[in-house]
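Please take a first walk through this structure. The text below goes step by step.

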Amino acid sequence: MSEVLYIKNSVLIRDAKVYQNGRLYYEDTKSPDISIFLKNLYKSEKIRYSKYFKMDDLSKLGFIGTEILFGGNIENKETALVFGNAASCLETDRYYSETMEEFPSPSLFVYTLPNIMLGEISIRHQLRSENIFFISEKFDSSLFLEYSKSLFNQGKTDNVLCGWVDLQNNDYDVFLWEIARSGKTYLNEEELKNIYLPTHE
Amino acid sequence: MSDLHTELKRSIIEQLNLEDMEVNEIENDEQLFGDGLGLDSIDALELIVLLEKDYGIKLTDPNQGKQIFNSINTMADYIEKNRTR
C-alpha cells in the first residue's frame with residue numbers, strides 16, 4: 001500500500017507574476033520581456049550567484065523558482081528532481097542555430113538540453129539525487145504523481161521537487177511543488193490541478 | 001589603459017554574460033581564470049570564438065590558451081601581435 005504524501009509548498013510563475021503557496025509573492029508587469037523580468041526577479045531576491053546570468057532563460061526560470069520555493073536552501077540533499085515541459089529547450093535551440101551561421105556559441109550549446117536546468121539546481125544546492133526530465137504535450141499531473149510516488153515507494157527518496165517549466169515564444173509557465181511525508185495538502189491529482197489551473201488559461 | 005584593453009573588457013563582460021561586473025572592476029593584470037574573475041572552461045571556448053570573430057585570430061594550438069588568456073594584458077599583447085583585422 002502506498003503511503004500518504006503531501007504537497008508541502010508550491011510556486012507558480014506566469015505573466016510576470018510569482019505566486020507562493022497560492023499568494024501573490026512578486027509582480028513586475030512593467031517587464032513584458034522575460035529576460036528583464038528574470039533579471040529584476042533575481043535582484044529582488046538578493047541572490048548572489050553570478051552563474052545565473054550565464055544560464056539560458058529556461059534554466060533561469062527553474063533555478064529562481066526553486067530559490068523561492070526553498071527560501072534559497074534545499075536542506076534535504078536527497079531531494080529528487082522530477083521535471084518536465086512541452087517545448088523542451090526550443091528557444092535556446094533556435095538561438096544556438098542562429099549562431100551556427102557564423103560562430104557557434106559554446107555557452108549556448110551547453111543549454112541545448114532541457115535537463116541542464118536540473119544540473120544547475122543540483123550544483124547550486126549540492127544535490128546528488130535522482131532526477132528526470134519529461135517532455136509531454138501538456139502538463140500531465142498523473143505523470144508527475146505516479147513517478148514521484150514510485151520514488152517514495154522504492155525508497156529512493158524522502159523528498160521530491162517537481163517542476164513544470166515551460167518556455168515558448170517569450171511565454172512561460174512555471175509550476176514547482178515540493179512533495180514530502182508531511183504537509184498541509186494531500187498529494188493527489190485534484191489538488192495538483194487546483195494549484196496549477198487557477199491563474200492558467 | 002589602451003582602447004584595446006577597454007574594448008576587451010567590454011567584450012568579455014558582454015560575451016560571457018558577466019552582468020554583475022563593470023569595466024573598471026577588471027584589472028589589467030588580474031587572472032581571468034581561477035582566483036581572479038573565476039571564468040570556467042566554457043568561457044575559455046567563448047574567448048577563443050571572440051579572438052576569431054573580432055580580431056581574425058584562429059588558435060591552432062589549444063595549449064597556447066592558458067598563456068594568452070591569463071589576463072587582459074596578455075590577451076591584448078597577443079592580439080596586437082597577431083590580429084588580422
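**A walk through the model**

Start with L38(A), which sits in helix α1, residues 34-45 of chain A. The model is a predicted one. Is L38(A) buried or exposed? Its relative accessible area is 1%, so L38(A) counts as buried, the cut-off being under 20%. Which residues does L38(A) touch, leaving out those up to four places away in sequence? They are Y52(A), D57(A), K60(A), L61(A) and I64(A). Now look back along the chain to L24(A), 14 residues from L38(A) in sequence. The C-alpha atoms of L24(A) and L38(A) are 16 Å apart.

Set aside the neighbours of I64(A) within four places in sequence. I64(A) then contacts I13(A), L38(A), L41(A), Y42(A), I47(A) and Y52(A). Apart from the core to be described next lies another core, of 23 residues. I12(B), I57(B), L59(B) and A76(B) are among its members.

Next comes the largest nonpolar core, with 38 residues. Which of its residues touch the most other members? They are F37(A), I64(A) and F83(A). Several elements of chain A build this core: β1, α1, α2, β4, α5, β6 and β7 each supply at least two residues. α2(A) gives the most, with six residues.

Turn to the strands of chain A. β6(A) is mostly covered, with eight of its nine residues buried. β6(A) pairs with β4(A) and also with β7(A). β4(A) and β6(A) run parallel and are joined by five bridges. There, V82(A) stands opposite C162(A) of β6(A). The pairing of β6(A) with β7(A) is antiparallel and spans nine bridges. In that pairing, G163(A) stands opposite L176(A) of β7(A). β6(A) and β7(A) form a hairpin with two residues between the strands. In this hairpin, N169(A) takes a positive phi, near 50 degrees.

Helix α5 covers residues 116-125 of chain A. Which of its residues are buried? They are M117(A), L118(A), E120(A), I121(A), S122(A) and H125(A). After α5(A) comes Q126(A), and the phi of Q126(A) is positive, near 50 degrees.

Now for the charged pairs. How many salt bridges are there over all chains? The count comes to nine. One of them joins the side chains of R181(A) and E3(A), at 2.6 Å from N to O. R181(A) lies in the loop between β7 (171-180) and β8 (185-186) of chain A, while E3(A) lies in the segment before β1 (6-14), so the pair ties together parts that are 178 residues apart in sequence. R181(A) is partly exposed, at 39% relative accessibility. E3(A) is partly exposed too, at 31%.

A second example stays within a helix. E91(A) and R94(A) meet in a salt bridge, at 3.7 Å from N to O. Both lie in helix α3, residues 90-99 of chain A, three residues apart, or about one turn of the helix. E91(A) is buried, at 12% relative accessibility. R94(A) is partly exposed, at 40%.

Move on to chain B. UniProt, in an unreviewed entry, lists residues 2-83 of chain B as "domain: Carrier". Over residues 2-83, chain B is 54% helix and 0% strand. The end C-alpha atoms of that stretch are 16 Å apart.

The side chains of K81(B) and D77(B) meet at 3.1 Å, N to O. How far apart are K81(B) and D77(B) in helix α4? They are four residues apart in this helix (residues 72-82), so about one helical turn separates them. K81(B) is exposed, at 63% relative accessibility. D77(B) is partly exposed, with a relative accessible area of 40%.

Terms used: Residues are numbered from 1 along each chain as its sequence is written. Chains are lettered from A and ligands numbered from 1 in the order in which they are written. This is a predicted model: local features need pLDDT of at least 70, side-chain atom pairs count only at pLDDT 80 or more; totals for chains, interfaces and linings use all residues. Side-chain values use heavy atoms; hydrogens and water are left out. Buried means under 20% relative accessible area, exposed over 50%, partly exposed in between (1.4 Å probe, protein chains only). A salt bridge is a side-chain nitrogen of Lys or Arg within 4 Å of a carboxyl oxygen of Asp or Glu. Contact means heavy atoms within 4.5 Å. A nonpolar core is a set of buried Ala, Val, Leu, Ile, Met, Phe, Trp, Tyr and Cys residues joined through side-chain atoms within 4.5 Å. UniProt positions are given in the numbering used here, feature names are shortened, and annotations may be inferred rather than shown by experiment. Two strands pair if DSSP finds at least two bridges between them.
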